[in-house]
Amino acid sequence: RFTADDRLVSFGVALWLLNPFVFTISTRGSCESVVVLLLYGMLNALHTSGQPALGAALFGLVVHLRLYPIIYALPLLFSLGSQGCHRGWRNLLCQETVWFAIASATVFLLLLAVFTC
């Protein structure tokens, strides 16, 4: 399991949220700061708080908001699988990685169904 200092995580989130550049972009209709906040929340839930269900839900939500965070799925699954299972490509079939993929896909598909109907 990864460990991180809570002060360091709080500093990183505050550095992003209190950045004047982010304020300027956010006031012009871009929701990139929300996407990054959700990604930080997902990483915090997975690697610091030990809440994989919350991390999967946040990842499904952030992929629903913007499609590009899907590129983080493969490295994320590798990091989850390397914590307790095999090495290499076989760690994509660990229980934690399969559960995370199914849970985040379920959240994504439920949001897609709700907002398109």
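This is a predicted model: local features need pLDDT of at least 70, side-chain atom pairs count only at pLDDT 80 or more; totals for chains, interfaces and linings use all residues.
Modeller: Side-chain values use heavy atoms, with hydrogens and water left out.

Biologist: How is α1 oriented relative to α3?

Modeller: Helix α1 (residues 6–17) and helix α3 (residues 32–48) have axes that come within 10 Å and cross at roughly 170°; helices are DSSP runs of H or I with at least four residues. Angles over 145 degrees count as roughly antiparallel. Therefore α1 and α3 are roughly antiparallel.

Biologist: Is α4 roughly parallel or oblique to α6?

Modeller: Helix α4 (residues 52–65) packs against α6 at an angle of about 45°, with the axes 8 Å apart. Angles under 35 degrees count as roughly parallel, 65 to 115 as roughly perpendicular, over 145 as roughly antiparallel, and the rest as oblique. The arrangement of α4 to α6 is therefore oblique.

Biologist: Where is serine 104 placed, and is serine 104 buried or exposed?

Modeller: Serine 104 lies in helix α6 (residues 95–116) and touches Ala56, Phe59 and Gly60, not counting residues up to four places away in sequence. Buried means under 20% relative accessible area, exposed over 50%, and partly exposed in between, with a 1.4 Å probe and protein chains only. Because its relative accessibility is 7%, serine 104 counts as buried.

Biologist: Which backbone oxygen does the side chain of serine 79 reach?

Modeller: Serine 79 belongs to helix α5 (residues 73–81). At 16% relative accessibility, serine 79 counts as buried. At 2.8 Å, its side chain reaches the backbone oxygen of leucine 76.

Biologist: Which side chain is joined to that of tyrosine 68 by a polar contact?

Modeller: Tyrosine 68 is placed in the loop between α4 and α5 and, at 34% relative accessibility, counts as partly exposed. Not counting residues up to four places away in sequence, tyrosine 68 touches Glu32 and Val35. The polar contact, at 2.7 Å, joins the side chain of tyrosine 68 to that of glutamate 32.

Definitions and conventions. Residues are numbered from 1 along each chain as its sequence is written. Helices (H or I, at least four residues) and strands (E, at least two) are DSSP runs, numbered from the N terminus. A polar contact is a pair of N or O atoms within 3.5 Å; within protein, one must be able to donate a hydrogen and the other to accept it, and residues adjacent in sequence count only if both atoms are side-chain atoms. Axes are lines fitted to C-alpha atoms, for helices over the stretch in contact, and angles run from 0 to 180 degrees between N-to-C directions. Contact means heavy atoms within 4.5 Å.
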